[in-house]
Amino acid sequence: MTDRSWNADRSPLGDSSITDIDWTFSGANTRRLTHGMHSYPARMIPQIPATVLAHFKRENVIREGDTVYDPFSGSGTTAVEGRLAGLHAEANDINPLACLLTLAKSRPIDPEPLETACSWLTDGLEEELRRVRSAWAAGDCELNPSAVREGWFPEPQLYELVAIRNRIDELRDELSETTTPEVAEDVTRFLRVALSVTVRRVSYQRNGEYKRYRIPREDRADHDPDVYALFVELLRENAERMRSYSRRVDHTTTTTVHYADARVARAVEDNSADIVITSPPYGDHSTTVAYGQFSQDPAIIADRRGYEEMRAVDKTGLGGAYGQEPIDALEQYSPSLKRTLEALRKRDGRATDALSFFSDFYAVIEQVRRILKPGQPVVWVLANRTMSRVPIPTHLIATELCEHLGFEREHVIPRKIPTKTLPWENAPENVAGRTGEMMASEYVVIMRRP
Ligand SMILES: C[S@@+](CC[C@H](N)C(=O)[O-])C[C@H]1O[C@@H](n2cnc3c(N)ncnc32)[C@H](O)[C@@H]1O
């Protein structure tokens, strides 16, 4: 049975209006329920969609059973909060790891199959991993980490991770014969998420970095993680999170995830969303947040994704190498974009990069207009970066581009970012010791489709 008593403590809105509350939500638990199952770069804090959903429910703009859509789902924050608010969730991302996380975090799993799957997986696992280590030491380990790049993992731990993944695959085959295909997929997805976190912790990847940086070579000898202990502890913690989430969410609503480019979003139907809540990337992935690099090894090992497939994520990201032709007329649609491009042209020519990013962004706004029902709200959570030390007012440019497409501006609310893992500073000239501020605040931009 669904437990609704949590509503009182989770609506950050109370009796206030959305322009009166403190949008920093400092001190709030941003990892509550399934949100804490896996980290993700530039994750939106759940309090933002929770507040927006509470506001529009109170205003009778949306109701239970409606659909919330997020074209840039990332780790699925909008989907989780949408489901908690009694809505269907539709989500989209070009990163296969983001699609896995969105489904794993937002689809509730009953305690019984969850417990059975966890015990099946961990029964005899410690002994199996011991055998893997012995085989590796004897030079006859037959496990194949395939697409994983050399030099990123301690050994034999890499082989232990592969052994866990193979066990999860076996479990899925076994479960498909004894339960429904949905339950088999849900529980194996859940197990892959715990493995994905373990992969990141076991690898030489530096903690807190979203790009692929390894810990220094001289420190690697001391990095000797216990794969079994890490994985089993994560399973226990995530199972607890899932149990609490599953009790609170309506099991009759649904989550649909598309592994697709938001500029096209073919599979998402016209006029299908009652509200859109999304936090787009801040700029092209290679100079801001490299979601593909962050996800590469976890997706390859835990979810059997290919190396080239993962490399494509940062190229397909807005403003990336696989972007569409820049739209020259765009500066006529947005005075703020025109001013920004002029400032960039005077500096060093990164105007082309900015124009190509906003041309891609514009294609997504067009899709949102197609997908959102008339009169319904879209909420953009936007951060402003700098390029070559020129501040890029993304919140103004996005607002003006939306207005050009007929959207009406409802609120533009600034908020400070107290907790996000973000590239706060970068050195635009690549000179050691010189840094430039990249992002310091965020804006919640609320608009209505005409
Ligand atoms: C700021 S993150 C979203 C974070 C998410 N709100 C969360 O809480 O985890 C932006 C996301 O946009 C995705 N993305 C970038 N370009 C995309 C595109 N062209 N189509 C679909 N998704 C894209 C990235 O893979 C990334 O997951």
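## Briefing: a ligand site and some backbone details

T278 has its place in strand β4, which covers residues 275-278. The structure is a predicted model.

- T278 counts as buried because its relative accessibility is 0%, and buried means under 20%.
- The side chain of T278 is joined to the side chain of D70 by a polar contact of 2.5 Å.
- P71 is placed in the loop that runs between β1 (67-70) and α3 (77-84).
- With a relative accessibility of 2%, P71 also falls under the 20% cut-off, so P71 counts as buried.
- P71 and V368 are 297 residues apart along the chain, and their C-alpha atoms are separated by 8.1 Å.

**The ligand and its shell**

- The ligand sits in the largest cavity.
- There are 25 residues around the ligand, and those that come nearest are Y40, M44, S75, T77 and D93.
- Sorted by class, this shell holds 12 nonpolar, 10 polar and 3 charged residues.
- S75 has a polar side-chain atom 2.7 Å from an oxygen atom of the ligand.
- For T77, a polar side-chain atom lies 2.5 Å from an oxygen atom of the ligand.
- The backbone takes part at A262, where a polar backbone atom is 2.8 Å from a nitrogen atom of the ligand.
- On its own the ligand has 610 Å² of accessible area, and the protein covers 100% of that area.

**Backbone details in loops**

- The peptide bond that leads from E155 to P156 is cis, and its omega is near 15 degrees.
- P156 belongs to the loop between α6 (125-137) and α7 (157-178).
- S146 also lies in the loop between α6 and α7.
- S146 is not a glycine, yet its phi is positive, at about 30 degrees.
- S146 counts as exposed because its relative accessibility is 55%, and exposed means over 50%.
- L33 is another residue that is not a glycine but has a positive phi, here about 50 degrees.
- The loop that holds L33 runs between α1 (7-10) and α2 (47-58).
- L33 is buried, because its relative accessible area is 12%, which is under the 20% limit.

Conventions:
Residues numbered from 1 in each chain as written. Predicted model: local features only at pLDDT ≥ 70, side-chain atom pairs only at ≥ 80, totals over all residues. Heavy atoms only, no water. Near = heavy atom within 4 Å. Polar contact = N/O pair within 3.5 Å; in protein donor to acceptor, adjacent residues only side chain to side chain. Areas by Shrake-Rupley, 256 points an atom, 1.4 Å probe, with all protein chains shown as cover. 1 Å grid on protein atoms, 1.4 Å probe; cavity = no way out; pocket = protein on both sides within 12 Å on 5 of 7 lines; lining within 4 Å. Sits in = over half its atoms within 2 Å of the grid points. Nonpolar A, V, L, I, M, F, W, Y, C, P; charged D, E, K, R; others polar. Helix = DSSP H or I, 4+ residues; strand = E, 2+ residues; numbered from the N terminus. Buried < 20%, exposed > 50% of the residue type's maximum accessible area, 1.4 Å probe, protein only.
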